[in-house]
Amino acid sequence: MKPLQDLVRPNIWKLAPYSSARDEYSGHEAHVFLDANENPYGNQLNRYPDPLQRELKQRLSKLKGIPADHIFLGNGSDEAIDLLYRCFCQPQTDNVVAIEPTYGMYKVCADINDVEYRPVLLDEQFQVTAERLLAACDNHTKLIWICSPNNPTGNSIAREEIVKTVNTFEGLVVVDEAYSDFSRQQPLRQELQKHSNLVVLNTMSKAWASAAIRLGMAFASPAIIGIFNKVKYPYNVNLLTQQQAMKMLDDPFEIDRLTQLILQQRTQMMEAFRLLPICQQVYPTDANFFLARVTDAQAIYDYLVGRGIIVRNRTRVQLCHNCLRITIGTRSENDELLGALRSLNA
Ligand SMILES: *Cc1c(COP(=O)(O)O)cnc(C)c1O
């Protein structure tokens, strides 16, 4: 890896961050807070929240097996994705490399930040090699994006190719593990201590059943986390979100139970889907959705919308012609989808 200073944008490296009232007193016990112009009349939410979400990070640290100083929390993973551009990529100069097809936000954030985006097409098995990713890089490549399990294809990217990429690339490799709770593959976040250029993304939006609270995580070296903390909004994760996240973390066994239920339903759904006359192929998945090639994705999508059932039409995505992406729902939702598709052919 290049020295961090060579990867960070010069203005960000030099940046003196905003220092909030709550940042400045820390280290002392206090009970009179006349420093932040808050309303003193309490309703539980009258005070600014902890800008570094220390209590929540302690809890996540235990759960994920990652030291708290290796954790950044944001307003969804989307905040971490955008921050990676804002901290590391000089607009109109730097570029990033990403697998294609993948999660759309990497490209949208590149466009917003005026950073060149270099897609590397997956092969027919939706895989990529380190060699092909590295061949797309040059001296101005700051980030490589790898989503695994990948959205919308569902499969995990070969672990040895990811590790080879991390070991060889001089910039940062971002591995988005939004769906790793649904996979039996060992998550890359456990390799964090070995790789100073690895950033792993997690979210509360999928297996943790909390998309509405907007809580995403980035795991990386304390030096990288320190740069994120300097650039983020001071109070980027509100107190209601922090409290609700801790409430969810109180019962990890319930999340395990729901995950197992979703995985059972996934197996049944995929088997039933394969038997549908409209189905041409169901692709293997490690996520809570699967990709299926059908006879006419647009027509089937429109038909389902007419019945009040929404799936994701991916037909215009590269390598996904005539493909629908189907999220695993409750048993009755899944049955309703299958019923609608069966009567399509009746
Ligand atoms: C759903 C998803 C996320 C989650 O984003 P949040 O902003 O945390 O809700 C992140 N990455 C991928 C690949 C996803 O599919």
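Me: Does helix 5 pass helix 6 in a left-handed or a right-handed crossing?

Reply: In this predicted model, local features need pLDDT of at least 70 and side-chain atom pairs pLDDT 80 or more, whereas totals for chains, interfaces and linings use all residues. Residues are numbered from 1 along each chain as its sequence is written, and side-chain values use heavy atoms, without hydrogens or water. Handedness is left-handed if the near helix is turned anticlockwise from the far one by less than a right angle, and right-handed if clockwise. The crossing of helix 5 past helix 6 is right-handed.

Me: How are helix 5 and helix 6 oriented to each other, and why?

Reply: Helix 5 (residues 77-88) and helix 6 (residues 105-112), both DSSP runs of H or I of at least four residues, pack with their axes, lines fitted to C-alpha atoms over the stretch in contact, 9 Å apart and at an angle of about 45°. Angles under 35 degrees count as roughly parallel, over 145 as roughly antiparallel, 65 to 115 as roughly perpendicular and the rest as oblique. The two helices are therefore oblique.

Me: What is the orientation of helix 4 relative to helix 10?

Reply: Helix 4 (residues 54-64) packs against helix 10 (residues 239-249) at about 30°, their axes being 10 Å apart. Helix 4 passes helix 10 in a left-handed crossing. The pair is therefore roughly parallel.

Me: Which residue is joined to Pro152 by a cis peptide bond?

Reply: Most peptide bonds are trans. Pro152 lies in the loop between strand 4 (141-147) and helix 8 (159-168). Omega is about 15° for the cis bond, and the partner of Pro152 is Asn151.

Me: What is the value of phi at Phe126?

Reply: Phe126 lies in the loop between strand 3 (116-121) and helix 7 (130-135). Its phi is positive, in a residue other than glycine, and is near 60°.

Methods
Axes are lines fitted to C-alpha atoms, for helices over the stretch in contact, and angles run from 0 to 180 degrees between N-to-C directions.
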